[in-house]
Amino acid sequence: MSPRAGSTGHRSPATLAFVESPVQLLNVLEWAHAHAARSTGETSGPPGPEPGAGRPGTPGGGLTLVVLSPTDPMTRGQLRRMADLARDEGYEVRWEEARGGTTAPFHTVGGLAPLLRRARRIVMGDPFSRYVQLLLTITRACDLVVVDDGTATMEFVSQLARGERLVRWHRRGGRPGARDLVFAPVSARARRRLTPGTGRRVEVFSSMPIADTPEGVDVTANEFAWTRARFGPPRITKGADLVGTSLVETGVVDPDRYLEAVQGLVGTYGATRYFAHRRESSEKLHRLAVETGLEIVRPDLPLELIARRGPIGRMILSFPSTVVHTLPLALAGTDVKVAVFDIDPTWLTRTASPRAQGFLSGVTNTAKDAHRLSAITAT
């Protein structure tokens, strides 16, 4: 891995990107590719760079990706694979064990502070992250870019437009905890930094449908051009594949109802493979395999890349999720169909956020290129 940020004498990057998940890292690569196309007027990817050099027209050697590594093994594995792809593109990657013990945050923030103060542009994948919000209070950059972190991007833009505090959608409606109250001043300052103003530019780079765009925020479409240029087209099989979701793990959907819904999809559409979300528990996945007969696949890369490389089913089945927006873009020009199913209100847990049903319905309703199918009734 690259050395810790701030531990070498390398010149400061013009652009500093912070990622905490494989999808965020993928979308930073997509942003860099789109930025290059806008800068050079090109519409397709140029040939690969020499090792250590950026692609012509991109931030190139001036872009440094900082991975604020989580602790769960599956996410770390996917992040390492994505970091390798970023290096292949010519970008520097710095791996921070940001959660490796009680003193890790102090070492991480202290090591990054000099780079943060000198960087001209900050790219981030999760503005809701307390880590990222803390780092935003240090930087002096006047050019801030938010890339997709899934459906949360839609909620971030809406909250920014309404001047609300930044809270993840599945936690809305709950009483703030002690840590929320302690961190509130930092979160408020980060939100102000993410509000466009004199001498400060804010861009949202997204494949999600963005409504209620805040005044002054530039919204740029993520069309997954880098993914299509680098991978595929995929070999398409005759069967159907099912995309897993972490709605059970986040406390939104009841686990028994979820199992029954998956069984209904298997029986109705003949799905044979289940692409697990990186946050799904081993216990739940084992139960799904035993009771549905599905082959459980733990992807080593974001699903957009897995699908583009193939093999992939002719139909991809999904509950409301980011992939119902991203997979049609990544698979553009192929015969693969993406189908999305509504979450039945009876599946929700008693502790689910009051906003859960409306938010999930919005994800489904705005999926322009996915086929909307009737909800599976749990028996």
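Figure 1. Of the contacts in the protein between residues at least 6 apart in sequence, 71% join residues at least 24 apart. The model shown here and in the following views is predicted. The protein has twelve helices and 13 strands. Buried residues account for 54% of its 379 residues.

**Figure 2. An open sheet of six strands.** The strands follow the order β10-β9-β8-β11-β12-β13, and their pairing is parallel. Strands β10 (295-297) and β13 (371-373) stand at the edges with a single partner strand each, so one side of each is left without a neighbour in the sheet. On average, neighbouring strands of this sheet are turned by 30° against each other, direction ignored.

**Figure 3. The pairing of β12 with β13.** Strand β12, formed by residues 337-341, pairs with β13 in the parallel sense, over three bridges. In this view, Arg 372 in β13 stands opposite Val 340.

**Figure 4. The aromatic pair of Phe 128 and Phe 156.** The protein contains five aromatic pairs, counted with ring centres within 6.5 Å. In the pair shown here, the ring centres of Phe 128 and Phe 156 are 6.3 Å apart and the planes stand at 85°, so the pair is edge-to-face. Phe 128 and Phe 156 are both buried.

Figure 5. Tyr 258 and Phe 319 form a tilted aromatic pair, at 5.4 Å centre to centre and with 50° between the planes. This pair, too, links distant parts of the chain: Tyr 258 is in helix α8 (residues 255-269) and Phe 319 is in the loop between β11 (312-318) and α11 (323-330), 61 residues apart. Tyr 258 is buried, as is Phe 319. Ring pairs join Tyr 258 and Phe 319 with Trp 347 into a cluster.

**Figure 6. An arginine over the face of a tryptophan ring.** Arg 80 is placed over the face of Trp 95, and the distance from the ring centre is 4.3 Å.

Key:
Residues numbered from 1 in each chain as written. Predicted model: local features only at pLDDT ≥ 70, side-chain atom pairs only at ≥ 80, totals over all residues. Heavy atoms only, no water. Pairing = 2+ DSSP bridges. Helix = DSSP H or I, 4+ residues; strand = E, 2+ residues; numbered from the N terminus. Axes fitted to C-alpha atoms, helices over the stretch in contact; angles between N-to-C directions. Buried < 20%, exposed > 50% of the residue type's maximum accessible area, 1.4 Å probe, protein only. Contact = heavy atoms within 4.5 Å. Phe/Tyr/Trp six-rings, centres within 6.5 Å; stacked < 30°, edge-to-face > 60°. Lys NZ or Arg CZ within 6 Å of the ring centre and 35° of its normal.
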